[in-house]
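Please have the model open beside you while you read my comments.

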Amino acid sequence: MNNVERALEGEKAPLLSIIVPVYKVENYLPKCIDSILAQTFTDFELILVEDGSPDNCPVLCDAAAAKDARVRVIHQKNGGLSAARNAGLDAARGAWIGFVDSDDYIAPEMYEVLYQAVQSTGADLALCDYAEVDETGAPCQSMHVRLEKKVFAGQDLLKNATDSMIQPAWNKLYRRAIFAQLRYPEGKLNEDLFLIPEVCLQIQKAVVVPKALYYYVQRGGSIMSGNKTLRHFDAAEAAQRYWDCLVENGAYDALANAAKFTMGSVSRVYRQLPPALRKASRSREMLRMQFEVVSRTRQYCNVPGGLWLQSWLLWRLPQTYSRLRGFKG
């Protein structure tokens, strides 16, 4: 049950609402909470959405609220990451919104720097770089590419939405109005990619802070680190919707990259599925879908011949395609 209390009538609302979904992270949650409460930007509320966690997280959340009046706790039946974020959005009182995942932590100055960035530029959204670290805090080899451009119009941000700095929900400061009509899709993996195109369409300007202020912890047992199942094709579904969004908004110069991203999303999951699941109807549908996306892209812009051939092989001869990818490494 949602047991968060609304602000008393006349109570001043905080400027920022920081939303943290909490589920089975008792070994990580204290560090996450401490990093938020240590922010140099102090005008915030921390909304801990305890999503039916079976471990010690409910007690940890309530203890944090007892120690700091800025902490509010929502206890609810388990509904998943999107449901928890949505519950936080429904309860938020701030003019600005931030998300932090409960197994991660942030630099003390993160929200002060992001808030200064939006104030100095008039942006609706600020995003910062992030550092990938292991469970001890040691740096991991990073695969993401840092953005060079510092200020984006909303349409430009949309065209670059597959970028690994733009996709995540958690390295950003959002003007609350962005979420007036938006919520995360419940029951889906890769919920960030499902929503980020819609976020881009709601903003006039975004500003990039090229400094790693968020610490993204790579751990075993997280949602995205386990064995691949048919659910992981949600990433490909999100990629297809992104491609559709580009077409609907006339962003044709970004379609070839979006088509490649869609094909890659299908390929990565398919090649890591157990053999039996490769024969499932959703697998076959995803193989067909990615080829249709690549083929339809040719109606709007040039598509490299190699991309079309790989896409056709993945659709028609997926085992051959997988063997060839195996040879490439």
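Here are my notes, point by point.

1. **Ground rules.** Please keep in mind that this is a predicted model, in which local features need pLDDT of at least 70 and side-chain atom pairs count only at pLDDT 80 or more, while totals for chains, interfaces and linings use all residues. Numbering starts from 1 along each chain as its sequence is written, and side-chain values use heavy atoms, with hydrogens and water left out.

2. **Overall fold.** The protein chain has twelve helices and nine strands; these are DSSP runs numbered from the N terminus, with helices being H or I of at least four residues and strands E of at least two. Its C-alpha trace spans about 60 × 45 × 35 Å along the principal axes.

3. **Burial and contacts.** Buried residues account for 50% of the 329 in the protein chain (buried is under 20% relative accessible area, exposed over 50%, partly exposed in between, with a 1.4 Å probe and protein chains only). Of the contacts between residues at least 6 apart in sequence, 79% join residues at least 24 apart (a contact means heavy atoms within 4.5 Å).

4. **Helix 6.** I would look here next: nine of the eleven residues in helix 6 (residues 191–201) are buried, among them Phe194, Ile196 and Cys200. Which elements do the buried residues of helix 6 pack against? Their partners are helix 3 (81–91), helix 5 (154–159), helix 7 (234–248) and helix 8 (255–271), together with strand 6 (125–133) and strand 8 (172–175).

5. **Cysteines.** The structure holds zero disulfides, a disulfide being a pair of cysteine sulfur atoms within 2.5 Å. For cysteine 140, the nearest cysteine sulfur belongs to cysteine 128, 17 Å away. Cysteine 140 counts as partly exposed because its relative accessibility is 27%. Cysteine 245 is also in no disulfide, with the sulfur of cysteine 200 the nearest at 8.1 Å. Cysteine 245 has a relative accessible area of 4%, so it is buried.

6. **Serine 322.** Is serine 322 buried or exposed? Serine 322 lies in helix 12 (residues 318–328) and is buried, at 14% relative accessible area. Leaving aside residues up to four places away in sequence, serine 322 touches Tyr270, Arg271 and Arg278.
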